[in-house]
Amino acid sequence: MSKSIEVNNLNVYYGDFLAVEGVNIDIQPRSVTAFIGPSGCGKSTFLRTLNRMHEVIPGARVEGEVLLDGKDLYGAGVDPVLVRRQVGMVFQRPNPFPTMSIRENVLAGVKLNNRRMSKSDADELVEKSLRGANLWNEVKDRLDRPGSGLSGGQQQRLCIARAIAVSPEVILMDEPCSALDPISTFAIEELISELKNDYTVVIVTHNMQQASRVSDKTAFFNIAGTGKPGKLIEYNDTATIFTTPSVQATEDYVSGRFG
Ligand SMILES: Nc1ncnc2c1ncn2[C@@H]1O[C@H](COP(=O)(O)OP(=O)(O)O)[C@@H](O)[C@H]1O
Ligand SMILES: [Mg+2]
């Protein structure tokens, strides 16, 4: 488990609109990489290209390569459904399936992937995934209750359990704490630090403290103006980005002096 991601000369389009231009980045396995930058610079758009979620939008496409352990996700004959199984995603708003129980939510991706499983294997996977998401102790006595009955922070950890149940290599998270209170945020941050033992983790965050707390590497994206493409400006160890960045725009952004 846990694979590297190498992106070469990636351009990302919505129809004719070039939203993100010329990204080159190497993301390391068993690490947390944070994407930061102002709203609209293309962080979410770029993140979604890493598991081929971008192209579900009509007219959306990419140019360039995204290599997962050297294999191009956009290569001929690659099945995007299998890509999304290897590269899972957690969204800004926790989105458990509202009519499903906690247990069914954890297994939702596994079932979609058509894996036949005995009841005892399923029970084991539910426990392992919920433990992996630091949620087991809180929900073990109510696995058959609706996932929507949990608190926001618990729902987000349930979504992480659902993501890890399919044994991905990479977990993408788009502002996973932005809808959560500080205590739930702390729980997710702790979890992210544990997840990197097993997965390649990429997180978009607007919270500078969060990026510096949880990530090993940070990528700063920026945009020159409305209608212009977003670009990767600087990528380095998180400590370097926050203390001695090489580019003025990075320094302005991380110190809150942009705009
Ligand atoms: N579904 C979409 N269709 C067309 N343009 C979009 C779509 N989603 C985002 N964009 C545009 O792509 C650019 C980057 O947006 P986004 O990736 O959401 O930025 P960020 O996550 O950094 O705030 C913006 O100009 C935004 O308006
Ligand atoms: Mg976004």
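**Loops, a ligand and buried side chains**

Q: Where is the place of Asn134?

A: Asn134 sits in the loop between helix H4 (119-132) and helix H5 (136-139). Helices (H or I, at least four residues) and strands (E, at least two) are DSSP runs, numbered from the N terminus. This is a predicted model, in which local features need pLDDT of at least 70, side-chain atom pairs count only at pLDDT 80 or more, and totals for chains, interfaces and linings use all residues. Residues are numbered from 1 along each chain as its sequence is written, chains are lettered from A and ligands numbered from 1 in the order in which they are written, and side-chain values use heavy atoms, with hydrogens and water left out.

Q: What is the phi of Asn134?

A: Asn134 has a positive phi of about 55°, although the residue is not a glycine. Asn134 is partly exposed, at 28% relative accessibility. Buried means under 20% relative accessible area, exposed over 50%, and partly exposed in between (1.4 Å probe, protein chains only).

Q: And Glu175, where is that found?

A: Glu175 belongs to the loop between strand E7 (170-174) and helix H7 (182-195). The phi of Glu175 is also positive, near 45°, in a residue other than glycine. Glu175 counts as buried, at 11% relative accessibility.

Q: Changing topic: which residues surround ligand 1?

A: The shell consists of Tyr14, Phe17, Ala19, Pro38, Ser39, Gly40, Cys41, Gly42, Lys43, Ser44, Thr45 and Ile57. A residue is near a molecule if one of its heavy atoms lies within 4 Å of it.

Q: How many of those shell residues are nonpolar, polar and charged?

A: The shell divides into 6 nonpolar, 5 polar and 1 charged. Here Ala, Val, Leu, Ile, Met, Phe, Trp, Tyr, Cys and Pro count as nonpolar, Asp, Glu, Lys and Arg as charged, and the others, Gly among them, as polar.

Q: Which element gives the largest share of the shell?

A: Helix H1 does, with 3 residues. Strand E2 (17-27) and helix H1 (43-49) each supply at least two residues of the shell.

Q: What lies 2.7 Å from an oxygen atom of ligand 1?

A: A polar backbone atom of Gly40 does. A polar backbone atom of Gly42 is 3.0 Å from an oxygen atom of ligand 1, and for a backbone N or O atom of Cys41 the distance to a ligand oxygen is 3.3 Å. Taken alone, ligand 1 exposes 560 Å², and the protein buries 63% of that. These areas come from the Shrake-Rupley method with a 1.4 Å probe.

Q: How many disulfides does the structure hold?

A: The structure holds 0 disulfides. A disulfide is a pair of cysteine sulfur atoms within 2.5 Å.

Q: What about Gln156, buried or exposed?

A: Gln156 is buried, at 0% relative accessibility, and lies in helix H6 (residues 152-165). A polar atom of the Gln156 side chain is 2.8 Å from the backbone oxygen of Phe91.

Q: Which helix holds Thr250?

A: Thr250 is part of helix H10 (residues 248-254) and is buried, at 0% relative accessibility.

Technical notes:
Polar contact = N/O pair within 3.5 Å; in protein donor to acceptor, adjacent residues only side chain to side chain.
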